[in-house]
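Here is a short note for your review, in numbered points. Please read it with the model open.

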Amino acid sequence: MGSRASTLLREEEIEEIKKETGFSHSQITRLYSRFSSLDKGENGTLSREDFQRIPELAINPLGDRIINAFFPESEDQVNFRGFMRTLAHFRPIEDNEKNKDHTASEPLNSRTNKLLFAFRLYDLDRDDKISRDELLQVLEKVDVEQKMSIRFLH
């Protein structure tokens, strides 16, 4: 399975993804292997169901919102490049400062892009506003998760 993952990703694609996301060559190949293992349909894309099989997302109170972040509006599949673009938002900000190129576009993991990404996690109806109901939904999910954790610990 590891050889399948490495042979399907061309060197040119890796270089393009490196430039776009800031991930290293080894990170990209490792994430491609993980992507391929999640791709149960072996069609080069992931569905929401593929993501829901990830145990860490299944138990996360915001897991459904994180999963939705991988899918552009009205899309039900995400390819590897889209997967990597979304993951790039989770990279540490300090990685930007080392190789700052003032002529290039702002990195996906910049403070501004991270804030926009986080905003979109809360803006469920994508109306560019976080309504009171949307905020309350998140707070309720987190509160329920905390209460469950406290009960588990006692």
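1. Which residues does Asp50 touch, not counting residues up to four places away in sequence? They are Leu38, Lys40 and Thr45, where contact means heavy atoms within 4.5 Å.

2. Some ground rules. This is a predicted model, in which local features need pLDDT of at least 70 and side-chain atom pairs count only at pLDDT 80 or more, while totals for chains, interfaces and linings use all residues. Residues are numbered from 1 along each chain as its sequence is written, and side-chain values use heavy atoms, with hydrogens and water left out.

3. Back to Asp50. This residue lies in helix 4 (residues 48-52); helices are DSSP runs of H or I, at least four residues, numbered from the N terminus. Asp50 is buried, at 6% relative accessible area. Buried means under 20% relative accessible area, exposed means over 50%, and partly exposed is in between (1.4 Å probe, protein chains only).

4. The Asp50 side chain has two polar partners to check. One is the backbone nitrogen of Ser47, reached at 2.9 Å. The other is the side chain of Arg53, in a polar contact at 2.3 Å. A polar contact is a pair of N or O atoms within 3.5 Å; within protein, one must be able to donate a hydrogen and the other to accept it, and residues adjacent in sequence count only if both atoms are side-chain atoms.

5. Next, the salt bridges. The rule asks for a side-chain nitrogen of Lys or Arg within 4 Å of a carboxyl oxygen of Asp or Glu. By that rule the count is seven. Side chains of opposite charge can pair when their charged atoms come close.

6. Glu15 and Lys18 pair at 3.7 Å, N to O. Both sit in helix 2 (residues 11-21), three residues apart, about one turn of the helix. An α-helix has 3.6 residues a turn, so residues three or four places apart point the same way. Glu15 is partly exposed at 32%, and Lys18 is partly exposed at 29%.

7. Two salt bridges reach across the chain. Glu16 pairs with Arg81, with the closest N and O atoms 2.9 Å apart. That pair links distant parts of the chain, as Glu16 is in helix 2 and Arg81 in helix 7 (residues 80-88), 65 residues apart. Glu20 pairs with Arg85, the closest N and O atoms being 2.6 Å apart. Glu20 is in helix 2 and Arg85 in helix 7, so this pair also ties together parts 65 residues apart in sequence. Glu16, Glu20, Arg81 and Arg85 are linked in a network of salt bridges.

8. How enclosed is helix 7? Seven of its nine residues are buried, so the rest of the structure largely encloses helix 7. Among the buried ones are Phe80, Phe83 and Met84. By contrast, Arg81 is partly exposed at 33%, and Arg85 is partly exposed at 36%. At the start of helix 7, a side-chain oxygen of Asn79 comes within 3.3 Å of the backbone nitrogen of Arg81.

9. Last, the core. A nonpolar core is a set of buried Ala, Val, Leu, Ile, Met, Phe, Trp, Tyr and Cys residues joined through side-chain atoms within 4.5 Å. The largest one has 23 residues, and those with the most contacts inside it include Ile28, Leu46 and Phe83. Helix 7 gives the largest share, five residues. Leaving aside neighbours within four places in sequence, the contacts of Leu46 include Phe35, Phe51, Phe71 and Phe83.

Key:
Helix = DSSP H or I, 4+ residues; strand = E, 2+ residues; numbered from the N terminus.
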